[in-house]
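This report is meant for a reader who is meeting the structure for the first time. It goes from strand pairing to the chain as a whole, and then to a few individual residues.

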Amino acid sequence: MSTIAQHSDIIIVGAGPAGLAFARFFKDTDLKLTLIEKSALSSLQDPAYDGREIALTNTSKEILQNLGVWQRLPSDEIYPLKNAKVYSGNLDYSLDFQVPKLMRQMRSLDRLGNLISNHNIRKAVYDEVATMDNVNLITDATVIDAKTDDAAATVRLADGRSLTAKLLIAADSRLSSVRRMLGIGADMHDFGRTVIVFRVTHPLSNGATAQECFLYGRTLALLPLHDTMTNCVITLDNTQADELLSLEPQELAREAQRMFGDRFGAFTIAGSVHHYPLMGVHAHRFYAKRAALIGDAAVGMHPVTAHGYNLGLLSANILAPMILEADRRGADIGDARLLASYNRRHQAHTRPLYHGTNAMVSLFTNEARPMRAVRDLTLRISNNLPPIKHWIAKQLVG
């Protein structure tokens, strides 16, 4: 991978896991890519642990295998996600999910998906892209302007450089500055909540089962890693976050243990504590003239349904093959019809999931007394309607 800037076929802004995965689709092709990242090169080569465990669907696993990325992941840090349970209000009744029987037979699936630390995914996909001779990487770079016209896309950097390409890809973040420069609006949903994440160990097995507990006032998600190690995700109002964040790490672990009713035994903190604001975003459209949005620049999801990076991979898996096919035919890779087709296909996946997830979160975090009964009833009805359970399980499997 080179660090010399030049005219490119494609400029990608954002070398996160979505932008890197998109770039990897063009390995061993004649297309020239420029990848622009605001962070330092060292943060790509050796990403820091950030507390995030990514639930990858089986389809996402297949995409990463085809890109040569899965093979680079540490095998002892790929954690199977066999089952999932959802609770509402208390822990006396759960909505349970397993791999649907037909999918288990037809695809030989033994799990809903896999849990992998975000920093491991970032490193694996960077290491794969680093082998590509047709990628020019520019780090420590800030994009201050992005424009497109009928002939080309032009990106101007803070250091004065001006770069051009046939196609511009925005993969910078859910608060994408490139998206705004392109004049694309977005639905922004600030949940007014904070996510606190940390690992714990415990004496009893987690059964490779994810637990999503919509308790009253707080939400606790438990993501199974090793048999006796779990990632805890506490979501609560911003007004309450400082109280928990002021606790010593071991006290925070005990609070999570209390919230889960001591079901895994005593929790012991097993690493650092991290926290993030909770915000969802969905762009009004995923393309402009000679430009397209992928990853979080297109859709940033609430983490409860674990679709975030899976949708980012899906966006790359839809758009990149379309570009490769156009190039094979000698057609314009920035053609408006190609980009509009990508927009239609990806919107069909993302818009129902985005709004459906937000509606579900609104329901299961509503603390009004009448809504508590509705929450409980929804859980019980869903548990006894196979078509609903099957559809949700299919989304989890991918």
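Two strands are said to pair if DSSP finds at least two bridges between them. With that in mind, and remembering that this is a predicted model, one can begin with strand E5, which is joined by 4 bridges to strand E6 (residues 94–97), the two running antiparallel.

E5 itself, which spans residues 83–89, is mostly covered, since 5 of its 7 residues are buried. E5 also pairs with strand E13 (residues 209–215), in this case in the parallel sense and over 7 bridges, and there the bridge partner of Asn83 is Thr209 in E13.

The pairings described in this report that have a bridge count are set out below.

| Strands | Sense | Bridges |
|---|---|---|
| E5 and E6 | antiparallel | 4 bridges |
| E5 and E13 | parallel | 7 bridges |
| E3 and E7 | antiparallel | 5 bridges |

**An open sheet of three strands**

Strands E3, E7 and E4 belong to an open sheet of 3 strands, in the order E3-E7-E4 and with antiparallel pairing. The edges of this sheet are strand E3 (53–57) and strand E4 (79–81), each of which pairs on one side only, and the twist from one strand to the next averages 35°. Where E3 meets strand E7 (residues 113–117), the antiparallel pairing extends over 5 bridges, and Ile54 has Ile116 of E7 as its bridge partner. Helix H3, made up of residues 58–66, lies across E3 and E7 and runs at about 90° to E3.

**The chain as a whole**

The chain has 12 helices and 20 strands, and its C-alpha atoms fill a box of roughly 60 × 45 × 40 Å, taken along the principal axes. For 398 residues, a compact globule would have a radius of gyration near 21 Å, and the 22 Å of this chain agrees with that expectation. Buried residues account for 53% of the 398 residues. Among contacts between residues at least 6 apart in sequence, 74% join residues that are at least 24 apart.

**Ser176**

Ser176 is placed in the loop between strand E11 (162–170) and helix H6 (177–181). Is this residue, Ser176, buried or exposed? Ser176 counts as buried, because its relative accessibility is 0%, where the cut-off for buried is under 20%. A polar atom of the Ser176 side chain lies 2.9 Å from the backbone nitrogen of Arg179. When neighbours within four places in sequence are left aside, Ser176 is in contact with Ala170 and Ala297.

A disulfide is a covalent bond between the sulfur atoms of two cysteines. How many disulfides does a search of the whole structure find? The search finds 0 disulfides. For Cys213, the closest cysteine sulfur is that of Cys232, and because the two sulfurs are 10.0 Å apart, they are too far from each other for a bond; the cut-off for a disulfide is within 2.5 Å. Cys232 is likewise in no disulfide, its nearest cysteine sulfur being that of Cys213. Cys213 counts as buried, at 0% relative accessibility, and Cys232 is also buried, with a relative accessible area of 0%.

Methods
Residues are numbered from 1 along each chain as its sequence is written. This is a predicted model: local features need pLDDT of at least 70, side-chain atom pairs count only at pLDDT 80 or more; totals for chains, interfaces and linings use all residues. Side-chain values use heavy atoms; hydrogens and water are left out. Buried means under 20% relative accessible area, exposed over 50%, partly exposed in between (1.4 Å probe, protein chains only). Axes are lines fitted to C-alpha atoms, for helices over the stretch in contact, and angles run from 0 to 180 degrees between N-to-C directions. Contact means heavy atoms within 4.5 Å. A polar contact is a pair of N or O atoms within 3.5 Å; within protein, one must be able to donate a hydrogen and the other to accept it, and residues adjacent in sequence count only if both atoms are side-chain atoms. The radius of gyration is taken over C-alpha atoms; the globule rule is 2.2 Å times the number of residues to the power 0.38.
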